[in-house]
Every structure is written in C-alpha cells, then in structure tokens.
Amino acid sequence: MNETAKDKSDVKVKIQRFGSYLSGMVMPNIGAFIAWGLITALFIPTGWLPNKDLATLVGPMITFLLPLLIGFTGGRMVYDIRGGVVGATATMGVIVGTDIPMFLGAMIMGPIGGYVIKKFDKLIEGKVKSGFEMLVNNFSAGILGGLLTLGAYKGVGPVVEALSKGLASGVQFIVEHNMLPLANVFIEPAKVLFLNNAINHGILSPLGIEQATKAGKSILFLLETNPGPGLGILLAYWLFGKGTAKQTAPGAVIIHFLGGIHEIYFPYILMKPMLIFAAMAGGVSGVFTFNILHAGLVAAPSPGSIFALLAMTPKGGYFAVLAGVIVATAVSFAVASLILKTSKATDEEDLSSAAAKMEEMKGKKSSVTSAFTTQDEISPENVNKIVFACDAGMGSSAMGASILRNKVQKAGLDVTVINTAINNLPADADVVVTHKDLTDRAKEKLPNAKHISVENFLNSPKYDELINNLKK
C-alpha cells in the first residue's frame, strides 16, 4: 500500500472511530428515546391521547433523563462504571446551566468525566495505604465530579448552548430556504462508510429534538432514517441484478425496510460504487418531498424501519411521511435500474457466477471455489469465541452472527458466536468478523485475534470456509 492510500485509510479509520464514539453514547439508550417519543406522541396537547397530567413527563425526561443517560454511557465507554458515574455527575452541570436539551453537552462532559477519573486513578495507583482504598475511591470521584460539574455549569454549558443555537439557526435557515434536500448529497455517501449512526444520533437527533420540543415534530429525524433510497437500490438488484446479489436482494429488502437495518444495503452499493448516485438522488428527492409537505417526526425512529417511522409520526402526518418514502424509493429505483442495466458485469461477478454454476452441476460445495477468496488458515483448537462486530453492534453484525451460529450448531461445533459494537470487542475473542471497511479498526483493537473481512454479512462464502477449517 503506497503512502497516499495508507494516509487515506488512516483518515477514514479515524473518522469512523470518532463517529462510532458519538453514536456509541446514544445507541445503548435508544429504548429511553423511544419511550420519550411515544409518551410525547400520545399525551402532548396535539397527541393521540392528550393528557395534561401525563404530558408533564415529557419535559423532565428530555431535560434530565436522556442527557444523564448519554453522559453516563460516555463516561462508561472511557472508564467503566466509575467513569460513567463521574461523567453523569459532570453532565448535570451543563443541564442546569442551560435552558435547552443538553445532548451535545452530555457527549462532551461524559467522556471528559471518565477520562479525568481514569487519569487520577492511574496517578495514585499503588500509592494508597491498605484499608483506605474505598475512602479514596469515593472521595476522589465525588470531588472530581463536583469540580467538573461546576466547570461545566460556568464554562462548558454556555459554550455548548451557543453552539447548539447557532447550529439550530443554521438548520432553520436551510429549511426556510428549501436547501435541506442538499444535505443528503453528503449524508448518503457517509452512511455507506458506516457513519450512519454517528450522523443520525450524534448530529441530527440532538438538533431534531430541540426542534421537536418547540414545534412538536422535526424533519431532521427523517434525513438519515428514510428507508426509501436503500429500498430502491435493493429492488433494482432484485429485478436487474445478477448472481448472488440478485438472489439475496429479496431477503435484504425485508431486513432493510421492515427490520430497519440499513447496513444491509451498503455492500450492494460497495459492489457497484456508481449506485451511490442512486442513493443520493433518492435521498434528495425524498427530503424535498418531506419539505414541501411539512413532514416530521416527534422523535428519532430506531431502527430506521417503516414501522418505526410510522410509530414516531404525529397525528395527521402519515401522508407526508409515506409520500417522502415512496418518492425516494421510486427515484432511487429508477437511477439504480439504469446503472445496473447499462453497466457491464465485473470479472468478480463472472467468476462467482461460474463457481456457482460449477457447484450446481456437481450438486455439492466444491473445495476449488475456496481459491476465489483468501483467508488465513485458522487452527480449530485455538477458537472458542467468534465475534461479529459492526459500528453499533445491533444490525448487520447481529444478522451475520445469527447465520454463522446456525452453521456452527449444524456442524456440531462447541464454539460461541456473538455480536458486538466494534468499540466493545472483548479481549477473549479468537476470531473477529467485520465488514471490509471496518477491519482496520478491528485489527487496531484486537491485533492478536484472527480477522475475517467480508463484503456482505448476509451471504459470505467465508462462513463456510471458516466452518470447514474448524471441523478439521
């Protein structure tokens, strides 16, 4: 690899890592966000079941509960429970010091709290006399947490509030001047680089929640979560694709559109990078439709399933939301179909088709086809745990783990198969399976494990290769 390519790879890994940290603070708390969204949709004055008494839950949940959960999670990511406690304590300073939902402040103070207490513990390691450990631990966390809270209250809170208001004003300007659809020119390519969770939960959701508290809904919740662009591409593959891509597209449609796991269509774009233009066209047209019809959701839908979108749609807003999804699907499908019909099949596609035809004629799996893909030999006696890792640890990695788990059971192997977020890779993982765009990060995290890089979690020939290796 030349220096330029290596530098680009390093930059991509760093961006992915930063994005993963942002989304990693929000993703574990999605259930709380959904709970808040449902209570909001049901009980506010314009909700389905207006109730003045129950609606009083909305304010405290968004002001205190959600930022504190984010702050705790951010601190815990840095330094486990102890870091989480100090991070949540420090987050209280930005909450009380401002009059807006302090999600960005929580994303700052949570990790800072965890980092400070981690450094302090390292500084005094081995210097505390026996019997005083609990006293020192409790008071150090309390004192440092208190100091960080005061600093956040007087310093960080006002800065973040000004930044939030500036970003909100910028978004409002874009919305008022009908420029919001252009955002998807950047969002769609970033999603395919596995920055979808970082964009949605790290940037759009905090701004969208602030809008929703004032207007009752926000279009920002629809920018990244719209399943239309991905659905159009998968439908095009279903009708005009070839080989494995065509065969797996119907299952991917169900997982993407109904299950809300958008990562499933990323490999289909990576197989033909030109299809990113189909995703961009679908995203832009969908948001344009949302914009002119004044569509919006009361909270961030997660996962980005059509069911989640409808659950977060305010009363009377279904037509606008569905229209945007349908338009995005139609435009994405049209552009993707044109690209698939006019582009030539690649050598890789021809090779995989030939291998599949050969196996079909033989009526069984051929060992020759393993030559088409490369994988380091894995010693079966050294494999007890296989870990599938993706950015959030919930979507594509869960599907891949489920598929391989079934293969392991059928082969009668005593091997554990789990899925997790790439930032939480366990130290005892023997084999790590990741998408090829995330493998470099996984190797950084666990350099001593065996790493398998795949292009499609749903259907990879490397699963059978791994099983065959483990059965030897």
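View 1. Two strands pair if DSSP finds at least two bridges between them. Strands (E, at least two residues) and helices (H or I, at least four) are DSSP runs, numbered from the N terminus. The model is predicted: local features need pLDDT of at least 70, side-chain atom pairs count only at pLDDT 80 or more, and totals for chains, interfaces and linings use all residues. Residues are numbered from 1 along each chain as its sequence is written, and side-chain values use heavy atoms, leaving out hydrogens and water. Val 387 stands opposite Val 432 in β3. Strands β1 (385–390) and β3 (431–435) pair in the parallel sense over 4 bridges.

View 2. Four strands form an open sheet in the order β2-β1-β3-β4, with parallel pairing. β2 (416–421) and β4 (450–454) each have a single partner strand, so one side of each lacks a neighbour in the sheet.

**View 3. The core around Trp 36.** A nonpolar core is a set of buried (under 20% relative accessible area, 1.4 Å probe, protein chains only) Ala, Val, Leu, Ile, Met, Phe, Trp, Tyr and Cys residues joined through side-chain atoms within 4.5 Å. The largest such core has 69 residues; Trp 36 is among those that touch the most other members. Helix α2 (residues 30–43) gives the largest share, 7 residues. Apart from this core lies another, of 17 residues, including Ile 386 and Val 431.

**View 4. Leu 163 in helix α5.** Leu 163 lies in helix α5 (residues 133–176). Leu 163 and Leu 104 are 59 residues apart in sequence and 9.2 Å apart in space, C-alpha to C-alpha.

Notes:
Buried means under 20% relative accessible area, exposed over 50%, partly exposed in between (1.4 Å probe, protein chains only).
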